[in-house]
Amino acid sequence: FVVAELVLIAETMAVFLPALPLSWWLLLSFLAVYPTALCYNLSSLAWLSFLGLLGTLATVAVMLYYAFAPSAGALLVHAQWEKTDVLGSWSWPLAVGVVMACYGGHSMFPAMYADMGAPVQYPKMVKLAFSVVIPLYSGMGILGYAMFGDNIRTIFTLNFPSPSLLFAAVQ
């Protein structure tokens with residue numbers, strides 16, 4: 001799972017900043033992510049989690065902006081849907097892999113439980129986390145497919161029209 005995450009980070013950075021080759025981005029992503037694996041106290045990673053939350057909220061905001069704002073072209077309103085053979089497609093293994101990667105963080109649950117100040121709240125925390133994550137991932141997936149159809153790129157932000165300040169902030 002970690003290797004897949006490093007490749008995903010490196011490929012994304014190589015698309016946005018192509019001046020460096022992919023091998024350099026792999027090395028840089030490893031150097032950025034590896035120190036976090038050495039932290040045994042998860043509370044020291046809270047700031048990193050907060051940055052991830054801000055990035056997620058910014059991505060959702062940009063997606064909704066491009067989907068519905070008339071000034072951005074309202075991509076969802078003007079989407080032209082084509083008949084798609086989803087069930088007969090060879091893309092199912094890739095889709096299953098992406099979904100599995102989205103929920104790969106469950107391996108951290110025992111460590112989170114051990115570091116919680118009030119472990120009694122653990123079941124409530126898990127229910128809250130999944131009640132937010134599942135609708136968010138499902139909604140973004142459905143919205144992205146509705147906006148771009150079969151032409152959606154692996155890095156979905158590359159589908160948006162000419163970069164704007166809002167678009168650049170998410171990248």
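The largest nonpolar core has 12 residues: V60, V62, M63, Y66, A67, L76, M140, L143, A146, M147, F148 and F160. Such a core is a set of buried Ala, Val, Leu, Ile, Met, Phe, Trp, Tyr and Cys residues joined through side-chain atoms within 4.5 Å. Buried means under 20% relative accessible area, exposed over 50%, partly exposed in between (1.4 Å probe, protein chains only). Helices α3 and α6 each supply at least two residues of this core; helices are DSSP runs (H or I, at least four residues), numbered from the N terminus.

This is a predicted model: local features need pLDDT of at least 70, side-chain atom pairs pLDDT 80 or more, while totals for chains, interfaces and linings use all residues. Residues are numbered from 1 along each chain, and side-chain values use heavy atoms, without hydrogens and water.

The axes of α3 (residues 46-68) and α6 (residues 122-148) come within 11 Å and cross at roughly 35°. Axes are lines fitted to C-alpha atoms over the stretch in contact, with angles from 0 to 180 degrees between N-to-C directions.

By the ring-pairing rule there are 2 aromatic pairs. Rings of Phe, Tyr and Trp (its six-membered ring) pair with centres within 6.5 Å; planes under 30 degrees apart are stacked, over 60 edge-to-face, the rest tilted.

| Pair | Centre to centre | Between planes | Class |
|---|---|---|---|
| F30 and Y34 | 5.2 Å | 25° | stacked |
| Y113 and Y122 | 5.1 Å | 80° | edge-to-face |

F30 and Y34 sit 4 residues apart in helix α2 (residues 22-37), so about one helical turn separates them. F30 is partly exposed at 36% relative accessibility. Y34 is partly exposed at 43%.
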